[in-house]
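This briefing describes a predicted model of a protein. Please keep the sequence and the structure in view while reading the points that follow.

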Amino acid sequence: MGTDGPDVVFSAKGLELRLLGPLKLVRRGVAVPLPPSRKVRALLAYLAVTPGSVPRQRLCDLLWQVPSDPRGELRWSLSKIRSLMETDGRKRVITADDRISLDLEGCDVDVRYLLEARRRGVRNLDLEVLRTIAGRCGGDLLEGVEIDNSPAFEHWLTSVRSEFRLYALEIAAEIGKRTPIGGEDGLPAARQWLDLAPLDADANIRFLAELSHRRMSDACARHLDAAARLFADEGEDFAPIQEAWERLRPLPRQPAVVTVSDGVGKPPEPTHMTVSRRASIAVMPFRELVAGPAGRHDLGSAVAHDVISKLARLRSLFVIARGSVFAIAGAKLELPEIGRRLGVDYVATGFLEQHELGIGVTVEVAEAATARIVWTEQFEARSAERFALVDEISNSIVSSIAAEIENEERNRAILKHPDSLDAWEAYHRGLWHMFRFTAEENERAAEFFRLSTRLDPTFSRAHAGLSFTHWQRAFQRWGDRDGEIRHALKAAGQSLLVDDQNPAAHWSMGRALWLTGDHDQAVRELEHSVHLSPNFALGHYALAFVHSQSGDPNAAIAASDHSRLLSPYDPLLFGMLGTRAIALIRLGAFEEAATWAVKAAARPNAHVHILAIAAHCLALAGRISEARSFAAKIRLQNPDYRTDNFLDAFHFTPEVIGQYREAAVLVGLDT
């Protein structure tokens, strides 16, 4: 890689190699499929991280101790790397004097930013540069590249991982120290520092300072309790944190008063400002019922670590860091005690079984205080590759946990009186109303999202939810379209200002931009939302929605399928199914489109535009009688609804508009 390193300049053009987190190779913005061989991946990563050239014999000793022809294995692996890296006509695998190196000139390699920051000294870099490096360099080095029976490589990987964790911690600590307390970036910076160093007294004090500044006294108390137990378990001195808290403790003040009405058009009732919070969860290592190769029991820990990382990237829950969870994992504590020590609302536990075709995992999420099981499910993953197994099974678990806890929180919020809601509960009360998809319920949802943002102006998802209600009003023509678009953009912008690393913020901005007709910028925002969190189902669905009308119909189908894989019982399932139908119409697959459209219309909360998709798709498929029955349902909901309303809501191409107008004539929706 060279000893000097690049300037700290960020570019996503050309070839990108991502070594922090799961290994990824990206060419011109498109992920390149990697060979299934773990040793090819390990060799690529080792050459990318190691400066200068490496003797062939060193590589053979590192990765091939068993084969009779290690140099032949090395040649084969290098040929695979050449096919990946040398597509631009430039020779990147350099062999000379029985030594091998990678030419990464012009490549964007994430670890180089950490190395350059380390070389220059993190204190000498601008805060914004540090934030950009931290945002691009998340995750452990070479996750999923572990190789059985290669102790030399495992020793190297363990050593280098520790080195890069230290670099990442230095950057997080410097960001935490320099970010102003109480600013929009203050709490995320403090949390990131604490996640990487849960036993660092300064990190704990910085986190408490953020909570105290925001008057989040309940969260302060929970963190103090959890931190005190963790420090005691590890034999660390908690006194400096306790002393700092005595200085930070806010003076009592009278609660502020905000208002929310009990119904549309009714006079508002006063409600007192409450403590802001997020539901919190600890994901414990999954027990393995049968040991892995050579008696190892690490696959359950690997799955739990992946689930923790992906849940945290969703930013919808407060996820306890891996270090804190694993520190008490061996104590065999009951769920209520785990909840007390870590200060969490929910605990996820489970067990894992390995079999010839893959693995099976049974997961439970329980309410920590009562040990009541909220949700349980079994998952299966089949793959010959360890990394693929962990990735597949963790994706399913993450999406299910997030959806089930959100559903539980919505149900809790709906049972509480509006004047007793905190910001988190008001947000979930808003979701409950929003997913009814009527004008009246949409207005109620907006009221609760506004309440949530008043109670906690830093709650990014509440601003995103408010943006969505304005989006609905514009899309459904429930109000002044231009005015609602402006409000949708404003709320989405506020969501981004509060937390630009939240996938929901970019999702709301992408949808709002689509309303303006800016297709390309909308796609960029939505792609960024799923880049921040690949498990964010709504981001994938919104991409399907945009592509299905005037973008790439095949990309729309893939995104729709992936969104349903991540969230098979999503409240917006009707939209996920409907966008697939729209994309199929553009591909000329009318009969298949009709099948998917009927599935979409069968969802209980499907709105009138979804019924219109079914009517038009069925007509194009020649199923006129069924199409007319859906047209009749549309008239019952909205007697004035016509195809013009349908076409005005979406951004179809001229060719597709012509097809839909022909269908409208067949079912009587043209006049």
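A search of the whole structure finds 28 aromatic pairs.

**Aromatic residues and charges over rings**

- W471 and W514 are both buried.
- The rings of Y541 and F545 also pair: their centres lie 6.4 Å apart and their planes stand at 65°, so the arrangement is edge-to-face.
- Y541 and F545 both sit in helix α21 (residues 537-550), where 4 residues, about one turn of the helix, separate them.
- Y541 and F545 are both buried.
- One aromatic cluster includes W471, W514, Y541 and F545, together with F468, F475, W507, F536, F646, F650, F652 and Y660.
- R511 lies over the face of W471, at 3.9 Å from the ring centre.
- Over the ring of F630 sits the charged end of K633, 4.6 Å from the ring centre.

**Strands and the hairpin**

- Strands β14 (residues 358-367) and β15 (residues 373-381) run antiparallel and are joined by 8 bridges.
- A366 has I373 in β15 as its bridge partner.
- The two strands β14 and β15 form a hairpin with 5 residues between them, and A371 lies in the turn.
- An open sheet of 3 strands has the order β4-β6-β5, and its pairing is antiparallel.
- The edge strands of this sheet are β4 (54-55) and β5 (93-96), each of which pairs on one side only.
- Strand β6 (residues 99-102) runs antiparallel to β5, and 4 bridges join the two.
- Within this pairing, A96 stands opposite R99 in β6.
- In general, strands of a sheet pair through backbone hydrogen bonds, in either a parallel or an antiparallel manner.

**Residues with positive phi, and a contact between C-alpha atoms**

- A371 has a phi near 65°, a positive value in a residue other than glycine.
- With a relative accessible area of 33%, A371 is partly exposed.
- R315 likewise has a positive phi, near 60°, and is a residue other than glycine.
- The loop between α11 (299-314) and β12 (318-319) contains R315.
- R315 counts as partly exposed, at 23% relative accessibility.
- Q57 is found in helix α2 (residues 56-63), and its relative accessible area of 40% makes it partly exposed.
- The C-alpha atoms of Q57 and R71 are separated by 8.0 Å, while the two residues are 14 residues apart along the chain.

**The second largest pocket**

- The second largest pocket holds about 790 Å³ of space.
- Its lining consists of 39 residues, and those closest to the pocket centre are S399, A402, A403, S567 and D570.
- The elements that give two or more residues to this lining are β15, α14 (386-414), α15 (423-434), α17, α19, α21 and α22 (553-566).
- Helix α14 provides the largest share of the lining, 12 residues.
- By class, the lining of this pocket divides into 22 nonpolar, 9 polar and 8 charged residues.

**Cavities**

- How many cavities of 30 Å³ or more are there? The count comes to 3.
- The largest cavity has a volume of about 130 Å³.
- Of the 18 residues that line the largest cavity, the closest to its centre are Y541, F545, G575, H607 and I610.
- Helices α17, α21, α23 (573-586) and α25 (608-620) are the elements that give two or more residues to this lining.
- Helix α23 gives the most to the lining of the largest cavity, with 5 residues.
- The lining of the largest cavity has 12 nonpolar, 5 polar and 1 charged residues.
- The second largest cavity contains about 50 Å³ of space.
- S316, L317, A402, I405, E406, E409, W424 and H428 line the second largest cavity.
- The elements that give two or more residues to the lining of the second largest cavity are α14 and α15, and α14 gives the most, with 4 residues.
- The lining residues of the second largest cavity divide into 4 nonpolar, 2 polar and 2 charged.

Terms used: Residues numbered from 1 in each chain as written. Predicted model: local features only at pLDDT ≥ 70, side-chain atom pairs only at ≥ 80, totals over all residues. Heavy atoms only, no water. Phe/Tyr/Trp six-rings, centres within 6.5 Å; stacked < 30°, edge-to-face > 60°. Buried < 20%, exposed > 50% of the residue type's maximum accessible area, 1.4 Å probe, protein only. Lys NZ or Arg CZ within 6 Å of the ring centre and 35° of its normal. Pairing = 2+ DSSP bridges. 1 Å grid on protein atoms, 1.4 Å probe; cavity = no way out; pocket = protein on both sides within 12 Å on 5 of 7 lines; lining within 4 Å. Points joined across faces, edges and corners; volume = space filled by probe spheres on them. Nonpolar A, V, L, I, M, F, W, Y, C, P; charged D, E, K, R; others polar.
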